[in-house]
There are 2 protein chains.
Amino acid sequence: MKTYLDCIPCFLRQSLNAARMVSPDPAVHERIIREVLGWADEIDMNRPPPAMGQRFHRRLREITGVRDPYHRAKEEQNRMALALLPELRRELASAHDPLLLAIHLAIAGNVIDMGVNGSVDESDMMRAVRQALDEPIVGDFERFRRAIAAAKTILYLADNAGEIAFDRLLIEQLPQGRVTVAVRGAPILNDATEIDARAVGIHEIAELINNGSDAPGTIFNDCSEEFNRRFSEADLIIAKGQGNFETLSEEPGNIFFLFKAKCSVIADHAGVPLGAHVLVGPSAANSAPSERMS
Amino acid sequence: MKTYLDCIPCFLRQSLNAARMVSPDPAVHERIIREVLGWADEIDMNRPPPAMGQRFHRRLREITGVRDPYHRAKEEQNRMALALLPELRRELASAHDPLLLAIHLAIAGNVIDMGVNGSVDESDMMRAVRQALDEPIVGDFERFRRAIAAAKTILYLADNAGEIAFDRLLIEQLPQGRVTVAVRGAPILNDATEIDARAVGIHEIAELINNGSDAPGTIFNDCSEEFNRRFSEADLIIAKGQGNFETLSEEPGNIFFLFKAKCSVIADHAGVPLGAHVLVGPSAANSAPSERMS
């Protein structure tokens with residue numbers, strides 16, 4: 001997906017929030033905002049928004065010397081999400097359709113505010129999960145179920161820390177021995193890295209790799225060759241979160257996106273209402289030739 | 001009030017909305033957004049936000065050749081607000097405290113969405129007015145009442161079209177023959193100009209002047225000498241809307257501001273909760289020497 005003009009004010013707002021999170025110094029905030037404004041002539045609207053996010057966060061790390069500003073927030077998010085798993089796992093065990101419930105939960109993980117400010121506790125989070133579960137999922141669940149059953153190799157692209165604990169519940173419902181989980185190659189925002197994946201035990205139930213990139217999405221020419229090979233060889237890709245949708249929505253291949261459409265640009269691009277919980281499967285135009293023939 | 005870093009993303013968003021309102025051409029939208037981004041090095045954070053708004057809208061008018069993009073919207077806003085006056089005037093006539101109700105109504109006029117898109121009708125607007133009237137006013141109403149009684153000359157700084165019909169109801173409660181109403185000197189956004197003031201009959205109940213400026217606020221070095229003289233000579237200034245507050249909040253003088261705090265930067269600056277309906281009087285530090293002595 002290209003960058004829309006609407007992304008620019010939103011990106012500036014996010015940049016300011018991130019700068020404030022990383023440094024208490026107003027001079028740093030002003031410097032980074034003026035720098036971002038100064039990129040005006042260079043913004044390539046044909047690239048997806050996460051390309052700009054990657055550039056910004058690299059620069060913010062350079063200016064502040066802080067390598068992983070979201071380190072503590074991610075630890076806390078993992079800890080809190082993990083604390084909910086026993087109860088959710090009991091519900092999955094008695095669910096009429098555990099796969100459907102697990103998909104709901106994986107999207108719920110993308111929805112809930114993991115309490116970066118420490119103002120959210122486990123019971124708040126469980127309430128948010130319950131609310132998220134009440135939302136209908138926009139998308140063809142039965143097609144997704146068939147795609148899972150047919151796939152010999154599944155590549156699961158994770159999104160955020162905390163959320164990745166909920167991803168674990170979905171991965172536990174997928175055929176054992178067929179799933180590889182890919183996380184970001186280096187810290188970027190609160191996106192999950194290998195540390196977060198291990199914290200919630202992903203390595204115990206699936207193969208774990210990283211994509212070699214510090215973009216908040218999946219940008220092939222920034223990913224490792226090994227990751228790109230795995231991507232092109234997988235029978236099925238499950239991609240979590242807006243960042244992966246923004247960067248992969250026009251890729252051919254058997255990709256299913258699971259996310260909440262949190263902004264109107266993405267909702268329009270996906271053809272769903274703002275706020276919808278979405279399962280977007282490959283369109284005829286976007287699927288790989290082999291899939292299109294079948 | 002200075003420009004805060006938070007104003008910049010907000011300003012870009014407003015700029016994009018304005019560009020879309022003025023021109024259907026995406027190339028124009030992108031051009032103007034890139035230009036605004038290019039101002040990065042020149043943004044003077046010590047000037048109030050309306051200074052940037054003025055510059056932007058001048059440039060937008062230059063690029064598009066449209067002198068008054070909000071012309072039709074303003075006409076419609078005036079028409080709809082006028083349609084509500086008979087009913088509101090009846091309520092004022094039987095009110096226990098007509099001045100207090102008129103102040104509520106003047107702030108209500110600053111609150112309600114006047115239906116720029118034509119999607120709002122009179123009954124929607126009346127509902128919005130009723131909701132706005134239920135909001136408490138944060139501020140010292142009795143001090144304002146005394147200031148009105150003591151003033152021989154009152155300068156009333158109007159804000160938007162449509163809203164100015166509600167201002168008329170408040171002006172009707174002020175001592176006759178003492179009020180001058182000042183509007184913007186040229187079209188800027190949907191701010192009221194002399195055309196709008198006349199459309200709602202302000203000239204029939206008060207002296208009507210314009211400030212000679214096309215800023216969405218009151219920037220002295222951009223206003224006419226005549227306006228500045230009237231400003232400095234008035235015993236009492238009543239200033240409507242955020243734009244006038246942003247540009248005059250640190251001016252000495254006997255100024256009362258009436259507005260809804262629609263953004264958190266302004267709410268913080270005024271020391272009120274976000275969304276509050278505000279009547280901000282002169283602080284001891286800000287009042288003119290003569291007032292401080294009394």
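1. Helices (H or I, at least four residues) and strands (E, at least two) are taken here as DSSP runs, numbered from the N terminus. On that basis chain A has 14 helices and 7 strands. Its radius of gyration, taken over C-alpha atoms, is 18 Å, close to the 19 Å that the globule rule gives for 294 residues, so chain A is as compact as a globular protein of that length. The globule rule is 2.2 Å times the number of residues to the power 0.38.

2. This is a predicted model, in which local features need pLDDT of at least 70 and side-chain atom pairs count only at pLDDT 80 or more, while totals for chains, interfaces and linings use all residues. Residues are numbered from 1 along each chain as its sequence is written, and chains are lettered from A and ligands numbered from 1 in the order in which they are written.

3. The C-alpha trace of chain A spans about 55 × 45 × 35 Å along its principal axes. Of the 294 residues in chain A, 45% are buried. A residue is buried if 20 or more other C-beta atoms, placed from the backbone, lie within 10 Å of its own. Two residues are in contact if their C-beta atoms, placed from the backbone, lie within 7 Å. Among contacts in chain A between residues at least 6 apart in sequence, 71% join residues at least 24 apart.

4. Between the chains, 15 residues of chain B are in contact with 15 residues of chain A. On the side of chain B that touches chain A, helix 1 (7-22) and helix 2 (26-38) of chain B are the elements that give two or more residues. Helix 2 of chain B gives the most, with 6 residues. This side of chain B divides into 8 nonpolar, 2 polar and 5 charged residues. Here Ala, Val, Leu, Ile, Met, Phe, Trp, Tyr, Cys and Pro count as nonpolar, Asp, Glu, Lys and Arg as charged, and the others, Gly among them, as polar. The copies meet through the same surface, because 100% of the interface residues of chain B are also interface residues in chain A.

5. Chain A is assigned domain 1 (7-64) and domain 2 (71-293), with bounds from an automatic or database domain assignment. The C-alpha centres of these two domains of chain A lie 26 Å apart. In chain A, 10 residues of domain 1 are in contact with 12 residues of domain 2. Helix 1 (7-22) and helix 3 (49-64) of chain A each supply at least two residues of the domain 1 side. The largest share of that side, 7 residues, comes from helix 3 of chain A.

6. Helix 8 (residues 163-171) of chain A has 9 of its 9 residues buried; among them are Glu163(A), Asp167(A) and Arg168(A). In chain B, 9 of the 9 residues of helix 8 are likewise buried.

7. Strand 3 (residues 179-183) of chain B is mostly covered, with 4 of its 5 residues buried. Strand 2 (residues 154-157) of chain B pairs with strand 3 of chain B in the parallel sense over 4 bridges, where pairing requires that DSSP finds at least two bridges between the strands. Thr180(B), in strand 3 of chain B, is the bridge partner of Leu155(B).

Key. A residue is buried if 20 or more other C-beta atoms lie within 10 Å of its own, exposed if 12 or fewer, and partly exposed in between; C-beta atoms are placed from the backbone.
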